[in-house]
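Grab a pencil and work through these exercises with the structure open beside you. Try each task yourself before you read its solution.

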Amino acid sequence: MYDRILDFSQRPKPFSQSTVKRLWTRPHIAQQMLQFHLNQETDLASRRFETIERIVQFLDDSLSLSNKSLCDLGCGPGLYAKRFAARGARVTGIDFSAHSLAYAEQDAEQAGRTIRYLKADYLLDTLPTGFDVVTLIYCDLCALAPEQRSRLLKRMRRMLNPGGRVVLDVAGMGSYVQKEEDLVMEERLMGGFWA
């Protein structure tokens, strides 16, 4: 037990370990993540719907989404994809969480939106091409190791039509001013989120 606690308390080198795929694909955690995506009391997994609406409005005002072919990488439960489609974009959402994609597909169907969802890892799998806009929303780029960022940006460029645009949502240094490093260990942390 002591060794396990010691291991938890050690700080790994930046980007030396990645738990991203486990976070989004383990059934229990994936279900918890979906609940956090939809939770309107926190911005932990996704932004609140009113903020998402403002972001989509800004993008529509800036890029005129109507009749544009748009790919939403890391689309999760389709919170942005559905709103892009409502603005007239032809949307493809890509994510590797089957749980989130199942929700996204059902939600799009209930909203009467035609959205193509693909289960894929945008860092490794073959990606479709022919897009006017490719988005990577909610700071996904910031969570990647530098070599992953470089590879993904090259992949995104290949996805675009001539004159196409990449939209990145990144965290600036100001995002970290109020943050403090912390270590919390307790039974049933976050109400059993990780159980």
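**Exercise 1: Partners in the sheet**

In β4, the residue V133 is the bridge partner of L70. Keep in mind that you're looking at a predicted model.

Task: Find which residue stands opposite L70 in β2, and work out how β1 pairs with β2 and how many bridges they share.

Solution. 
- Step 1. Look in β2, and you'll see V91 standing opposite L70.
- Step 2. Now take the whole strands: β1 (residues 69-73) and β2 (residues 90-95) pair in the parallel sense, over five bridges.
- Step 3. Turn to β4: β1 and β4 also run parallel, and four bridges join them.

**Exercise 2: A closer look at β4**

Task: Work out how many of the six residues of β4 are buried, and which residue of β5 stands opposite T135.

Solution. 
- Step 1. Count as buried any residue under 20% relative accessible area.
- Step 2. Five of the six residues of β4 pass, so this strand is largely enclosed by the rest of the structure.
- Step 3. Next, follow β4 across to β5: the two run parallel and are joined by five bridges.
- Step 4. Opposite T135 you'll find V167 of β5.

**Exercise 3: Two helices crossing**

Task: Describe how α4 and α5 pack, using angle and distance.

Solution. 
- Step 1. Helix α4 (residues 49-63) and helix α5 (residues 79-86) meet at an angle of about 45 degrees, and their axes are 10 Å apart.
- Step 2. That angle makes α4 oblique to α5.
- Step 3. As for handedness, the crossing of α4 and α5 is right-handed.
- Step 4. List who makes the contact: F49, I52, E53, I55, V56 and L59 come from α4, while L79, Y80, R83 and F84 come from α5.
- Step 5. Sort the contact of α4 with α5 by class, and you get eight nonpolar, no polar and two charged residues.

Technical notes: Residues are numbered from 1 along each chain as its sequence is written. This is a predicted model: local features need pLDDT of at least 70, side-chain atom pairs count only at pLDDT 80 or more; totals for chains, interfaces and linings use all residues. Side-chain values use heavy atoms; hydrogens and water are left out. Two strands pair if DSSP finds at least two bridges between them. Axes are lines fitted to C-alpha atoms, for helices over the stretch in contact, and angles run from 0 to 180 degrees between N-to-C directions. Angles under 35 degrees count as roughly parallel, over 145 as roughly antiparallel, 65 to 115 as roughly perpendicular and the rest as oblique. A crossing is left-handed if the near helix is turned anticlockwise from the far one by less than a right angle, and right-handed if clockwise. Contact means heavy atoms within 4.5 Å. Ala, Val, Leu, Ile, Met, Phe, Trp, Tyr, Cys and Pro count as nonpolar, Asp, Glu, Lys and Arg as charged, and the others, Gly among them, as polar. Buried means under 20% relative accessible area, exposed over 50%, partly exposed in between (1.4 Å probe, protein chains only).
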